[in-house]
Amino acid sequence: MISHLAGTVSAVAPEGAVIEVGGVGLLVQCTPGTLATLRPGEPARVATSLVVREDALTLFGFATDDERDVFVLLQTAGGVGPRLALAMLAVFTPDALRRAVLSEDVAALTRVPGIGRKGAQRIVLELAGRLGAPGSGSPGGAGAVAAARAGEPARWREQVRTGLVNLGWQARDADHAIAAVEADLADAAAADGGAGVPAPDAAVMLRAALRKLSRA
């Protein structure tokens, strides 16, 4: 198993990133939150999991070892493949998934595109006691996704839009959700007098947009 990659980011695209290691460019499939931490031309380290299929070898990358470990464990539940596991980690942090499973919060799990009520119940049943308690993961797991640069306001919008479309939402619905999230940001800034509101983080904004869509 390839447990991590350390190299230079060659390119970042909606479906993943290319990281050059020893002169070889490796395509790594990532969540939008992980992609938000990668910058072309800059060094990066991502935890990885190699998924082997008869017709393909696919490398998945994560901001932390904890995310990688949860990704692998999620696939031990019936009906959960690598794409669905990646979608779950696009919607939830590892600790949020732990809380949902521990509390048997089926409704929360159904917010992930591709997971219905029965599927969520199966995940809770099969993973109960196996994901651990919140805070039990790798050090740095909470808040490990770096905040987006303040000077790149359009970057997080495009990342969130791409993430939502990749998760199965229509582009029109994604745009409406992003607009609603932006309105919330504007309200927060106004309430704070325009100061003290951090720069938008693509992973946080994606989860906020998904909450908007789940209530629609």
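Residue numbers start at 1 along each chain as its sequence is written. In this predicted model, local features need pLDDT of at least 70, side-chain atom pairs count only at pLDDT 80 or more, totals for chains, interfaces and linings use all residues, and side-chain values use heavy atoms, without hydrogens and water.

**Stop 1: the barrel.** Select the strands. Five of them form a closed barrel in the order β1-β2-β3-β5-β4, with mixed pairing. On average, neighbouring strands are turned by 55° against each other, direction ignored. Strands (E, at least two residues) and helices (H or I, at least four) are DSSP runs, numbered from the N terminus. Two strands pair if DSSP finds at least two bridges between them.

Now pick β1 (residues 4-13) and β4 (residues 43-53). They run antiparallel, joined by five bridges. Within β4, R45 is the bridge partner of A6. Keep R45 selected.

**Stop 2: helices on the sheet.** Show α2 (residues 65-74). This helix packs on the sheet and touches β4 and β5 (56-62), its direction making about 10° with that of β4. Contact means heavy atoms within 4.5 Å. Axes are lines fitted to C-alpha atoms, for helices over the stretch in contact; angles between N-to-C directions run from 0 to 180 degrees. Next, α3 (residues 82-91) lies across β3 (24-30), β4 and β5, at about 15° to β5.

**Stop 3: α2 against α4.** The α2 and α4 axes come within 10 Å and cross at roughly 40°. That makes α2 oblique to α4 (under 35 degrees is roughly parallel, over 145 roughly antiparallel, 65 to 115 roughly perpendicular, the rest oblique). Select D66, E67, V70 and L74 in α2; they meet P94, L97 and R98 in α4. The contact residues divide into four nonpolar, no polar and three charged.

**Stop 4: salt bridges.** The structure holds six, each a side-chain nitrogen of Lys or Arg within 4 Å of a carboxyl oxygen of Asp or Glu. R98 is buried at 4% relative accessibility, and D95 is buried at 18% (buried is under 20% relative accessible area, exposed over 50%, partly exposed in between; 1.4 Å probe, protein chains only).

Return to R45. Which residues share its salt-bridge network? D65, R68 and D69 are linked with R45. The D65 to R68 bridge has its closest N and O atoms 3.7 Å apart; for R68 to D69 the value is 2.7 Å. R68 is buried at 9%, while D65 is partly exposed at 27%.

Terms used:
Ala, Val, Leu, Ile, Met, Phe, Trp, Tyr, Cys and Pro count as nonpolar, Asp, Glu, Lys and Arg as charged, and the others, Gly among them, as polar.
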